[in-house]
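Dear colleague,

I am passing on the structure we spoke about, and below it you will find my notes on what turned up. Please read them with the coordinates open beside you.

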Amino acid sequence: EVQLCANTNCKYHTTPKDSRSYSDLDNHIWDEGVENSTAIIYSCTNCEHKKTVVVSTGDSASVDDLTNVDEVEISGITIGFDSGIKDKVGNANVTIGATTLDGDNKENAIQSSNLSEEQIKLLGDKPIYDFTLNANGVISELGGVATIRIPYELGVGENPNEIIVWYISDGKITPVTSVKYVNGYVEFTTEHFSYYIPSQLTPEQYCEHYGH
């Protein structure tokens with residue numbers, strides 16, 4: 001039986017309902033989920049696919065076996081892990097951190113990063129997000145791709161197409177290239193965990209860094 005998926009972004013929009021799996025979790029329409037002792041299991045309303053999400057209200061989440069988890073949600077910040085990261089950490093107990101740094105904590109992070117005044121100006125006034133992964137030691141190079149979604153409220157006059165995310169490391173700030181704004185979230189992918197900060201550039205700054 002061929003069923004039309006209600007999600008028009010679905011890459012398998014007109015294929016038989018159970019004929020293949022969906023490789024991109026964003027192409028599903030999820031139900032409200034069912035909680036077990038460690039996670040929430042969501043089921044797609046259009047196919048048989050499921051995703052497992054570990055939810056934490058603090059600054060970190062502990063996971064017994066990352067190979068069985070699709071996403072971790074930490075105080076509204078969502079982090080998804082691909083197979084490369086899961087293969088690297090194996091079935092070890094891991095702790096994922098997503099700490100929001102503002103005020104003095106943000107200033108301390110900036111000072112420890114040895115940034116110039118010009119770099120600091122580009123960062124803007126948004127909080128810094130410190131992402132960490134610990135699996136028998138701190139892992140900065142993930143060995144795969146993490147997909148991160150950060151809640152972001154557009155300010156008056158802000159253009160969602162001019163939001164960027166800076167990656168802060170070793171006295172440098174580098175713009176992340178895979179940034180998009182979707183339904184109140186800034187989403188990007190990365191192969192490294194460190195400091196990240198979303199920012200809104202002026203048109204002049206945007207052209208300076210990305211070209212006209």
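In which sense do strand 12 and strand 13 pair, and over how many bridges? Before the answer, please keep in mind that this is a predicted model. Strand 12, which covers residues 180-182, pairs with strand 13 in the antiparallel sense, and the pairing runs over three bridges. Within that pairing, tyrosine 181 has valine 186 of strand 13 as its bridge partner. The two strands form a hairpin with two residues between them, and in the turn asparagine 183 has a positive phi of about 50°.

Strand 13 (residues 185-192) also pairs with strand 9, again in the antiparallel sense, over seven bridges, and in this pairing glutamate 141 stands opposite histidine 192 of strand 13.

Threonine 147 has its place in strand 9, which spans residues 141-151. With neighbours within four places in sequence left aside, threonine 147 is in contact with Glu187, Phe188 and Thr189, and also with Thr78, Ile79 and Gly80. The C-alpha atom of threonine 147 is separated by 6.6 Å from that of phenylalanine 81, although the two residues are 66 apart along the chain. Threonine 147 counts as partly exposed because its relative accessible area is 25%, whereas buried would require a value under 20%.

Turning to the open sheet, six strands are arranged in the order 4-7-8-14-10-11 with antiparallel pairing. Strand 4 (60-63) and strand 11 (172-175) are its edge strands, each of them pairing on one side only, and from one strand to the next the twist averages 20°. Inside this order, strand 7 (residues 94-101) and strand 8 (residues 128-134) pair in the antiparallel sense over seven bridges, with glycine 97 standing opposite threonine 132 of strand 8.

Terms used: Residues are numbered from 1 along each chain as its sequence is written. This is a predicted model: local features need pLDDT of at least 70, side-chain atom pairs count only at pLDDT 80 or more; totals for chains, interfaces and linings use all residues. Side-chain values use heavy atoms; hydrogens and water are left out. Two strands pair if DSSP finds at least two bridges between them. Helices (H or I, at least four residues) and strands (E, at least two) are DSSP runs, numbered from the N terminus. Axes are lines fitted to C-alpha atoms, for helices over the stretch in contact, and angles run from 0 to 180 degrees between N-to-C directions. Buried means under 20% relative accessible area, exposed over 50%, partly exposed in between (1.4 Å probe, protein chains only). Contact means heavy atoms within 4.5 Å.
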